[in-house]
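Dear colleague,

Please find below the structure that I am handing over to you. My notes on it follow.

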Amino acid sequence: MKLLRRLGSFLLIAAVLAAGQAVGDATPDRNHQLRPFAVAGDFGTDVVGRDFAVRAAAVRCAAQLKIGDEILETQGVWIVVKLRLSARTEPVRIRYAAVRDASGRIYETTDRFEQYLVSGGRNIQPGLPIEGEVAIEVPAASAGDLTLLVASTYVDHRVDSMAEIPLPVSDVSGVLANPAPTEVLAPRAAS
Amino acid sequence: MRGPDSLGRGWWRRNVWGLVAVVPALALMVYAGVYSDLEYWQRGRPVQAPSAADGSAEFAGLRLRLVELAPTTELKRSATAAFVPPEGVTVWRAVIEIESPDPEKSPGCTIVLEDRAGNRHDTEAQELTKARVPLANCRPDTDSGGPAPVSGRYRTVAHFALATGVDAVAVRLSFGSFDLAVRYVRLSLPR
Amino acid sequence: MLAAVSVTTGRGQLSRRLFRGLLDGVAPQLRWVLIALVLAGTALFGGLETAPPKDKTPQFAVGVPVDGGPWRVEVIDVRLAGDLPPLHRQDEKNRWLYVTANVTITAHESWTLTSKMMRLSGVEGLIAKEPSDMVLYRDKRVIRRLHPNMPEKVAFFWEQSGDAPVPTTVTVLVLGMTYRGDSFSTELQWRANEDPSGRVTVPVIDVRASRGATPSPGTSPSPDTSPRVSASGRPGATPSVRTSP
């Protein structure tokens with residue numbers, strides 16, 4: 001009887017420990033807890049984050065970019081997205097834009113030329129939206145399934161909002177077969 | 001689990017208060033876990049300092065009064081050419097009178113304009129980069145040819161870009177942060 | 001350590017006393033028995049050995065990829081050059097030492113701090129430990145960002161003092177990072193490894209006489225109409241008039 005009671009106590013302690021371990025394992029890890037607040041929205045509509053709103057107004061792909069007099073080639077394909085950016089209640093700068101492919105790889109805007117629109121170079125006042133294009137290099141195989149990511153944070157995106165907009169990219173092979181340089185629209189006041 | 005005790009009470013009856021105490025103990029544990037973050041967040045929120053009924057305020061060792069808050073078309077692009085704001089943009093000017101015991105040592109400030117909807121606008125609007133505007137920082141503006149402050153009284157002038165049709169109602173001045181908290185004073189024109 | 005804790009806090013004192021009490025309660029001579037066991041056990045296999053020297057960085061040949069964690073680097077060559085406009089030397093007597101490499105980002109996202117990828121060893125008179133610039137061969141531009149799964153041929157530039165001896169060989173250390181937590185946080189991040197992931201010893205090609213072989217970087221182009229970031233006023237700054245650039 002005494003042995004049985006001891007065994008019972010032992011089993012009870014083991015069960016409590018196992019339950020504790022299970023609770024610990026089931027809770028999200030630190031990286032998951034700190035992830036950005038994803039704000040998903042449709043292409044062509046305003047997607048509203050904590051301090052900004054972004055609309056992906058158009059998207060195209062290109063084999064070459066024409067920046068000033070320079071032609072920029074790529075081993076993959078250029079994704080050129082037209083953005084409309086606005087501030088919500090106070091001035092904001094957009095410091096991050098990227099695309100995520102189907103495998104989860106994230107490609108940020110290129111720094112092969114200045115992209116003031118999404119590198120914090122434009123101070124956007126509430127009520128005065130701006131627009132312009134950004135260019136991102138991706139492997140051609142990734143171009144079919146891309147999600148645009150936009151944030152006002154620069155490198156530390158933890159627990160702040162990040163807009164996620166699926167991009168309808170088509171005709172990658174056509175563009176690569178007949179490469180023609182395309183210009184990138186510089187930031188300007190949105191109409 | 002032993003049988004009934006000398007008073008004839010079973011396990012549940014003997015431990016009822018302990019079980020009841022688990023609930024507040026759990027609540028206390030959760031609160032203790034988030035307390036420091038909560039306090040940090042609350043201390044980081046801007047705090048409004050009081051201002052007098054006539055629209056003036058004593059703040060950061062200065063006496064501050066808003067004397068003008070109105071749209072302006074008088075900005076210059078160069079010494080001779082007038083500045084024309086982009087389409088759909090109205091330039092607002094805020095003039096703040098400052099009395100300082102020692103203007104040379106007046107602290108620098110940031111000035112933010114508040115519109116009727118409560119949105120805030122800063123003095124670094126992209127729309128005004130081509131205009132010649134004085135630095136709006138609560139310090140005597142002697143470098144750009146302004147008069148030297150007489151008897152410790154001078155003016156600081158701030159310019160803002162607002163969408164045409166949006167009304168400004170007040171300005172907020174802050175002089176940096178003290179003990180973590182950002183304090184600001186809100187000045188509006190006396191009615 | 002334990003003693004220090006027990007002096008400053010009552011709890012440390014208590015736990016130490018508890019531990020001591022338990023140890024002495026179980027077996028007063030236990031600690032001596034344990035020490036004797038360790039000595040006897042190791043003696044059977046030749047006793048305690050001196051720790052091997054710390055530097056275990058593996059040697060790689062030129063052209064062989066070195067896995068640094070978030071990047072994979074294949075060193076191609078190392079060259080020595082004079083003036084390479086628009087790269088700017090602190091002194092005209094100084095030289096450029098640059099490593100050409102194929103770099104692949106193996107992390108899942110674009111990598112911006114490319115100056116953390118490599119260091120030089122065995123070179124005297126480097127102005128800075130980190131490379132001052134990285135140039136993309138594809139369009140001869142100074143860049144700082146590379147993208148996952150899109151290998152590029154790039155050059156890393158170091159400025160060497162003109163007074164220092166001209167190096168004939170250099171050792172390129174490819175640094176590494178590990179995606180892990182640390183003692184303060186369980187948050188997983190790319191954190192720098194203490195030891196480099198690999199070393200590549202390369203003869204230096206002196207191209208100061210021939211200019212053709214250099215990547216001669218240009219300035220970054222920008223769209224025609226795009227404005228510059230204005231140098232804006234900060235509170236407390238000297239008052240002045242802000243004009244357009």
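In which loop of chain B is B:A60 found? B:A60 is in the loop between strand 2 (56–59) and strand 3 (62–71) of chain B, strands being DSSP runs of E of at least two residues, numbered from the N terminus. Its phi is near 55°, a positive value in a residue other than glycine. B:A60 is partly exposed, with 19 other C-beta atoms within 10 Å; a residue is buried at 20 or more such atoms, exposed at 12 or fewer, and partly exposed in between, with C-beta atoms placed from the backbone.

This is a predicted model, in which local features need pLDDT of at least 70 and side-chain atom pairs count only at pLDDT 80 or more, while totals for chains, interfaces and linings use all residues. Residues are numbered from 1 along each chain as its sequence is written, and chains are lettered from A and ligands numbered from 1 in the order in which they are written.

Chain C holds two further backbone features. C:N149, although not a glycine, has a positive phi of about 60° and sits in the loop between strand 7 (141–142) and strand 8 (152–160) of chain C. The peptide bond from C:P85 to C:P86 is cis, with omega near 5°, and C:P86 belongs to the loop between strand 3 (71–81) and strand 4 (95–105) of chain C.

As to the chains together, 26 residues of chain C are in contact (C-beta atoms, placed from the backbone, within 7 Å) with 28 residues of chain A.

Yours sincerely

Definitions and conventions
Two residues are in contact if their C-beta atoms, placed from the backbone, lie within 7 Å. Helices (H or I, at least four residues) and strands (E, at least two) are DSSP runs, numbered from the N terminus.
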